Amino acid sequence: MSFTPAPRWHKLLGRTGLYLAAVVVFVVSVFPFYYAFLTSLRSGQDLFTPSYLPEVFDWSNYVSVLSDTGIARSLFNSFAVATLTVGGCLLVSITASFALARIQFRGKGTLLLTILCFSMFPQVAVLSGMFELIRLFGLYDNLGALILSYLTFSLPFTVWVLTTFMRSLPGDLEEAGIMDGASLWVTITRIYAPLLAPAMITTGLLAFIGAWNEFMFALTFVISPENRTVPVAISMLQGASRFELPWANIMASSVLATLPIIVLVLIFQRRIVSGLTSGAVKG
Amino acid sequence: MTLATETQTRSRGLAARFFNHRDLSLMQRRARSAWLLVAPALILLFSVAAWPLLRTFYYSLTDASLNAPGEAAFIGLSNYLDMGGDFAFGVLADPLWWRAVTNTLLFSATTVSMELVLGMLVALLLHQKFAGRTILRTAMLIPWAIPTIVSAKMWGWMFHDQYGVVNDLLAKLGFIEEPLAWVAVPELSMWAVIIAEVWKTTPFMALMLLAALQMIPEDLYESARLEGASAWQRFWRITLPLIKPAMIVALIFRTLDALRVFDLIYVLTSNSEATISISGYSRQLLVEYQDMGGGSAASVLVFMLVAGVAVSYLFIGRVKLNETGGHH
Amino acid sequence: MKPIHLTTAFALAASAALGVGTIQTAQAATLKMECGATGNDRAFCDYVEQRFTEATGHDLEFVELPNSSSEKLGLFQQIFASGQSGVVDVFQADVVWPGILAPHMLDLSDGLGDLEPHFFPGAWQNNVIDGELKAVPGLIDTGLLFYRTDLLDQYNEQPPQTWAEMERIARKIQAAEREAGHDNFWGLVFQGKAYEGLTCNALEWVSSHNGGTLVNADGEITINNAGAAEGLDMAAGWIGDIAPRGVMGYQEEESRAVFQNGDALFMRNWPYAYLLAQDEGSPVKGKVGIVPLPKASGDGQHAAALGGWQWAVSRYTDHPDAAKALVRILADAETQTQRFLMTGVSPARKDVYDDPRILDKAPYMSELLSVFEAAIARPASPTGDNYARVSNAFYNAAFAVLNGEMSGEKAVADLERRLARIKRNAW
């Protein structure tokens, strides 16, 4: 089979199209965030008129948010809760997904469906029951309550996604492992986990953001300011009067709440591209 | 193609080996270890989630009030449907419930299909090699990273008829002469909600699909290219079949979320019946009306609807949950 | 007058604490009171804390709660349903909550019932559920008509007394301003989104046409009448004429944005908007006036929906007497005056409206007195824990009329059937 290279201009056109698409995706994704940032630099009356470029760089909203509201503490709490939730989920999911994807046993389909069922209820419906459970465990007003309750939506997600990706890996891997006499645990952690890196990072990131942004459980199960997470802290920002929304402060906090995620994605996104393409496996 | 045939031969050999006696015990051993491996996740999940769910089922059969859940009396299926009296009562007899069902199905079908198409395009774009890919990958995730309670309010202001950027941009680009009342007029407000939702959740779909794309061995494309397959053929014959499992899982979780949408709609259009969702309906009964029985019944119906949709996905996508990877 | 109140308050607070006996006074309790986290609210809370510890020797801690009132209600319901004590002892309840949260609120009749004569009767009666005093009014709100003094002067008009007058002036000035190049100028903005605020707006339209308050004090459904239909039709006629279509997506802040930007002549809003519109940096500073909302021509009446927040005590508190002592401090004349001076919210006590400190800061307060006195409560007390359903049905009916989906006449007839369905046998 001969491979005819495309003409030069054809390639150029393709490149231009690619960059054009990249610019469009970039603008659409970032514009509202940029707009939030703009708003966070403005104050009072300016908020009501649209504008696209910053006129002033007034950082006072950031100063007031950081000094008055303890948002720094909330950022730390959110980080701790999200990290522990995702860490726990990935740990138990990787072994579960290995079993579900690569071992033939009865009741597997039912098991997967049952796990999925847990994320089919409206959150508000499980709120009361979860509250009772939290109090039973003595975890009210404790970050542990959040980690525990976040498992209900994170775990089904990580198990399902990892199972799917685990299934798509070639079959000879574990043959090799088992013939070497390696234990299942070693097979999983040494052979599979590295290959699943892109999937694990992706799943982890998505679950992390999910936990980071959760609001209803965080509002209900925690009451003291020192245990509060970011979305709740933002919802408690008050204006000078009851109806007034302190828009500039809300935007400043939102920018602060989004920054850690951006940093995280920057750190981890390189790992998304590793995996099979980097040639860890010879088929 | 080579990979597929190779695995096929391999699995045939494996199947043959499974029938002799020594390997049968190996199979049993493996099944036992399978349960051991699944156990931590299962125990964790059941210990946290089982009680709230069972409780919701139970309360849906009682006349419990949120004010005094302890004093609930068993009333059978009356929360679902009660034909006694002058009017039919119960969630299923409430025209608003059926309106919410229509709204939710419309919302989910529209947003999820738009997200799938856009997410696929973005994923394919990010799969290319070009300068600035790192920045774009990060930027792309921003909509997903902003807390919903904030992004919903942000869109609310961006949709303001007089001062919102959306109208401002549309007018500057010459698409509209008069400002549109986005979140006010029911015909438009559903679209406003859909636009905000698609913007927010496309990154989820894109990232999942990107991860799936990254797991496809590069040499498959190489050989296809050598065989003279066009880009479209390569996408259709290699990419799509190989990312299908991940795509279906992404679709399932997106749909699950879309079918349970609440806060975005609540912030943008409040309790308007024109855009109410089934989760919004359940919340209204449960929290605003203190009707724990009715609200739980509505939640169970939400569950049944969501479960039905999820199962039909698996059916249509011909996903075999019992399948074992690597031995096709 | 004021010093007397102060001393009685102290005396009563002290006696309340003493009344429980020596055990309570011997060991100081720690009470948890709801308080805003930022801004002027914190200054007010600090003032209360100082008063409270001085008077009773107990400690006070603050609990922050979400800004949005629906989120707050949801949170209270979870906390109270679990019967947990020690989360919050003294909290603020929205004017429509006493019917909903009544089972969780401590009866304050014994110990605070004597304060009744000092308060606006509407606000006070709203908190009496089945003969029990469930809360004491902390601040009062009502709907008002805001207008642009400069524009009325310029076009030689007076603030309107009737809706018809308001429509005429709005139409005239809107046309003239647009003629002069102010393209996005509108006659009127209000709150038309399908939420509790529309219930308040629509109740004002209906009541000012003598259409009643949906459900009367005896619990009878009264909404299906010609006045109610007329009121709703009137508002529907504004849409696209003197009010932008977008108003059907507006809450308080969205309408204030339009008015404060100088793009509307009239606005229906709560008193909070006055201070902000007159604030430094506001484009309409010094050009804003307020009057009672217009009435219907003929035998119509001025009607303003009652809003506001009430101080209530959780039934699950471990320190009921200390909590009552705290509410007594929160309810006294000096505290309510201080709160106005610090945060600008209108006191729920009518006897502080002649306080020179208040009048110095805000001369318009004396005019508001009569509006507050005549404020109309939403039917929260007669409908009890069904109020949310009633209100929801009402604002969705009003929204349908605004949207042109149905006539006022059909809407009120439908609404009557719907309310009967909600009521079933009794509220």
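Mentor: Start with a term. Two strands pair if DSSP finds at least two bridges between them. The model is a predicted one.

Now take strand β3 of chain C, residues 90–94. It pairs with strand β11 of chain C, residues 306–313. The sense is antiparallel, and the pairing runs over five bridges. Look at one position in it: Gln92(C) stands opposite Trp311(C) in β11(C). Is β3(C) enclosed or open? Four of its five residues are buried, so the strand is largely enclosed by the rest of the structure. Keep one rule in mind when you look at side chains here. In a regular strand they alternate between the two faces of the sheet.

Move on to an open sheet in chain C. It has four strands, in the order β8-β9-β7-β10, and its pairing is mixed. Which strands stand at the edges? They are β8(C), residues 186–189, and β10(C), residues 288–291. Each has a single partner strand, so one side of each is left without a neighbour in the sheet. Neighbouring strands of this sheet are turned by 20° against each other on average, with direction ignored.

Strand β7 of chain C, residues 144–148, pairs with β10(C) in the antiparallel sense, over four bridges. Arg148(C) stands opposite Val288(C) in β10(C).

Helix α9 of chain C, residues 163–179, lies across β8(C) and β9(C), the latter at residues 264–269. The helix runs at about 135° to β8(C). Helix α12 of chain C, residues 252–260, lies across β7(C), β8(C) and β9(C). Its direction is at about 155° to β9(C).

One further helix of chain C is worth a stop. In α15(C), residues 333–343, the buried residues are Ala333(C), Thr335(C), Gln336(C), Arg339(C), Phe340(C) and Thr343(C). Gly344(C) follows this helix, and its phi is positive, near 85°.

Next, where chain C touches chain A. The contact takes 31 residues from chain C and 24 from chain A. On the chain C side, the elements that give two or more residues are α3 (40–56), α4 (69–81), α12 and α13 (272–277). Note α12(C) in that list; this is the helix that lies across β7(C), β8(C) and β9(C). By class, the chain C side has 12 nonpolar, 14 polar and five charged residues.

Chain A itself is built from helices. It has 12 helices and zero strands. Of its 283 residues, 53% are buried. Take the contacts in chain A with a separation of 6 or more: 80% of them join residues 24 or more positions apart.

The UniProt record, an unreviewed entry, places the feature "transmembrane region" at six stretches of chain A: residues 12–37, 75–99, 111–131, 143–162, 191–212 and 247–268. Check two of these stretches in the model. Residues 12–37 of chain A are 100% helix and 0% strand, with end C-alpha atoms 36 Å apart. Residues 75–99 of chain A are likewise 100% helix and 0% strand, and their end C-alpha atoms also lie 36 Å apart.

Residues 105–126 of chain B are 100% helix and 0% strand, and 31 Å separates their end C-alpha atoms. For residues 234–253 of chain B, the end C-alpha atoms are 27 Å apart, and the span is again 100% helix and 0% strand.

Last, the contact of chain B with chain A. It joins 88 residues of chain B to 94 of chain A. The largest share of the chain B side, 17 residues, comes from helix α2 of chain B, residues 21–59. That side divides into 55 nonpolar, 21 polar and 12 charged residues.

Helix α9 of chain A, residues 197–213, packs on helix α7 of chain B, residues 186–214. The angle is about 170°, and the axes are 9 Å apart. The two are therefore roughly antiparallel to each other. From α9(A), the contact uses Pro198(A), Ala199(A), Thr202(A) and Leu206(A); from α7(B), it uses Phe204(B), Leu207(B), Met208(B), Ala211(B) and Gln214(B). By class, these residues are seven nonpolar, two polar and no charged.

Notes
Residues numbered from 1 in each chain as written. Chains lettered and ligands numbered in written order. Predicted model: local features only at pLDDT ≥ 70, side-chain atom pairs only at ≥ 80, totals over all residues. Axes fitted to C-alpha atoms, helices over the stretch in contact; angles between N-to-C directions. Parallel < 35°, antiparallel > 145°, perpendicular 65-115°, else oblique. Contact = placed C-beta atoms within 7 Å. Nonpolar A, V, L, I, M, F, W, Y, C, P; charged D, E, K, R; others polar. Buried ≥ 20, exposed ≤ 12 C-beta atoms within 10 Å, placed from the backbone. UniProt positions renumbered as here; feature names shortened; annotations may be inferred.
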